[in-house]
Amino acid sequence: MIRFENVTKRYPRQKHPALDDVDINIDRGEFVFVVGASGSGKSTLMRLAIREEQVSSGRILVGGHDLRRMPHRKVPQLRRQVGTVFQDFRLLPNKTVSQNVAFALQVIGRPRRAIRALVPETLELVGLADMGKRFPHELSGGEQQRVAIARAVVNNPPVLLADEPTGNLDPATSLEIVRLIGRIHASGTTVVMATHDNSIVDEMRQRVVELEDGVVVRDEEAGSYVPKVVDSRDRDERETERAETDDEQVDPEDRDPMEEAPLGEVTADDWDMWDDPDDPEAHR
Ligand SMILES: Nc1ncnc2c1ncn2[C@@H]1O[C@H](COP(=O)(O)OP(=O)(O)OP(=O)(O)O)[C@@H](O)[C@H]1O
């Protein structure tokens with residue numbers, strides 16, 4: 001379903017690659033935790049999988065489609081097949097809970113009748129049946145994350161990517177969120193979740209891929225996670241390196257030429273691309 005083949009990602013002017021020769025094969029229906037210390041490359045892996053970034057070398061296949069060769073106009077189509085959830089929820093503050101979830105369907109042109117049915121159904125799935133009329137600021141962090149999850153799955157994508165979805169939540173709420181994602185997985189969705197929260201990894205007992213400085217150092221079925229204590233000098237050096245880069249202007253030459261395409265560009269016939277009958281890889 002998602003295949004990273006010898007993937008290396010170098011950011012401009014960084015001494016070390018963020019990902020270095022990474023090989024991971026995620027089959028349809030799997031639940032995979034991507035773990036590792038801060039800066040190990042987890043978010044980079046996620047961003048590459050939705051083509052927010054491009055690989056420096058190697059290739060990534062999602063549903064059999066080589067992301068390097070995917071035309072720009074197909075990127076919104078890819079992102080409709082891969083629901084995403086982030087640490088900071090990213091809800092639209094001026095829209096209600098229902099409107100936030102409905103918006104994900106409106107931008108892809110789903111008919112009003114379908115939206116009216118799907119939104120309450122999905123809010124019920126995430127345990128927010130009675131909160132459709134509230135605004136994000138009237139919700140707890142855990143509730144906001146449930147809305148974000150509802151928005152990510154309302155279109156029933158085959159894949160859910162969650163990048164530190166519990167990073168802003170207390171331990172009890174984190175567990176509720178990861179159990180909710182577990183239920184979504186049980187209904188057939190392939191889930192990839194980046195985290196450095198060992199308690200949720202240990203609770204779920206799913207496959208664990210561990211990154212260290214951009215390299216896969218462990219790939220284990222039903223794994224657990226014992227975070228390594230990072231030498232504070234190493235961490236300080238890395239943070240300084242990152243800060244120096246952030247201060248610099250990015251040369252336009254170094255920018256990803258495939259900037260994010262607006263979701264509104266998607267047309268109905270783009271759906272065909274996902275299940276390409278001529279593509280032997282598409283159903284892996
Ligand atoms: N846009 C960027 N430009 C330059 N370097 C970057 C960029 N994004 C990430 N990096 C560098 O790539 C490496 C991997 O970062 P990444 O954000 O993928 O790690 P992470 O494991 O997700 O960390 P965290 O858990 O703190 O989010 C780090 O050294 C980081 O400084």
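**Helix H6 and its surroundings**

Modeller: Start with helix H6, residues 171-186. It has 16 residues and reaches 22 Å from its first C-alpha to its last. That is close to the 22 Å expected at 1.5 Å a residue. Keep in mind that this is a predicted model.

Now the buried residues. In H6 these are Thr 173, Ser 174, Ile 177, Val 178, Leu 180, Ile 181, Gly 182, Ile 184 and His 185. Several elements contribute to their cover. Three strands are among them: E3 (31-35), E7 (159-163) and E8 (190-195). So are helices H4, H5 (141-153) and H7 (198-204).

Ala 172 is another residue of H6. Is Ala 172 buried or exposed? Ala 172 is exposed because its relative accessible area is 51%, and exposed means over 50%. For a sense of distance, take Gly 109, which is 63 residues from Ala 172 along the chain. Their C-alpha atoms are separated by 37 Å.

Next, the packing of H6 on H5. Two packed helices are described by the angle between their axes and the distance between the axes. For H5 and H6 the angle is about 15°, and the axes are 10 Å apart. The two helices are therefore roughly parallel, a label used for angles under 35 degrees. Their crossing is right-handed.

Which residues make this contact? From H5 come Gly 142, Gln 145, Arg 146, Ile 149 and Val 153. From H6 come Thr 173, Glu 176, Ile 177, Leu 180, Ile 181 and Ile 184. By class, the contact of H5 with H6 has 6 nonpolar, 3 polar and 2 charged residues. Compare the H6 side with the buried list. Thr 173, Ile 177, Leu 180, Ile 181 and Ile 184 of H6 are buried, and these residues also meet H5.

Arg 218 lies in E10. It is 65 residues from Val 153 along the chain, and the two C-alpha atoms are separated by 29 Å. Leaving out residues up to four places away in sequence, Arg 218 touches Val 35, Val 208, Val 209, Glu 210, Ser 224 and Tyr 225.

Now move to H4, which is part of the cover over H6. H4 has 14 residues, which should span 20 Å at 1.5 Å a residue. Its end C-alpha atoms are 20 Å apart, which agrees. In H4, Ala 114, Ile 115, Leu 118, Val 119, Thr 122 and Leu 123 are buried. The buried residues of H4 pack against H3 and H5. H4 is followed by Gly 127, whose phi is positive, near 80°.

Look at H3 next. The axes of H3 (residues 97-106) and H4 (residues 112-125) come within 10 Å and cross at roughly 125°. That makes H3 oblique to H4. H3 passes H4 in a right-handed crossing. On the H3 side the contact uses Val 97, Ser 98, Val 101, Ala 102, Leu 105 and Gln 106. On the H4 side it uses Ile 115, Leu 118, Val 119 and Leu 123. By class, this contact has 8 nonpolar, 2 polar and no charged residues. The four H4 residues in it, Ile 115, Leu 118, Val 119 and Leu 123, are buried.

Last, the wider setting. The protein has 8 helices and 10 strands. Of its 284 residues, 48% count as buried. Take the contacts with a separation of 6 or more. Residues 24 or more positions apart account for 72% of them.

One loop is worth checking by eye. Asp 213 lies between strand E9 (207-212) and strand E10 (215-220). Its phi is positive, about 45°, although Asp 213 is not a glycine. Asp 213 counts as partly exposed, at 46% relative accessibility.

Terms used:
Residues are numbered from 1 along each chain as its sequence is written. This is a predicted model: local features need pLDDT of at least 70, side-chain atom pairs count only at pLDDT 80 or more; totals for chains, interfaces and linings use all residues. Side-chain values use heavy atoms; hydrogens and water are left out. Axes are lines fitted to C-alpha atoms, for helices over the stretch in contact, and angles run from 0 to 180 degrees between N-to-C directions. Angles under 35 degrees count as roughly parallel, over 145 as roughly antiparallel, 65 to 115 as roughly perpendicular and the rest as oblique. A crossing is left-handed if the near helix is turned anticlockwise from the far one by less than a right angle, and right-handed if clockwise. Contact means heavy atoms within 4.5 Å. Ala, Val, Leu, Ile, Met, Phe, Trp, Tyr, Cys and Pro count as nonpolar, Asp, Glu, Lys and Arg as charged, and the others, Gly among them, as polar. The expected span of a helix is 1.5 Å times one less than its number of residues. Buried means under 20% relative accessible area, exposed over 50%, partly exposed in between (1.4 Å probe, protein chains only).
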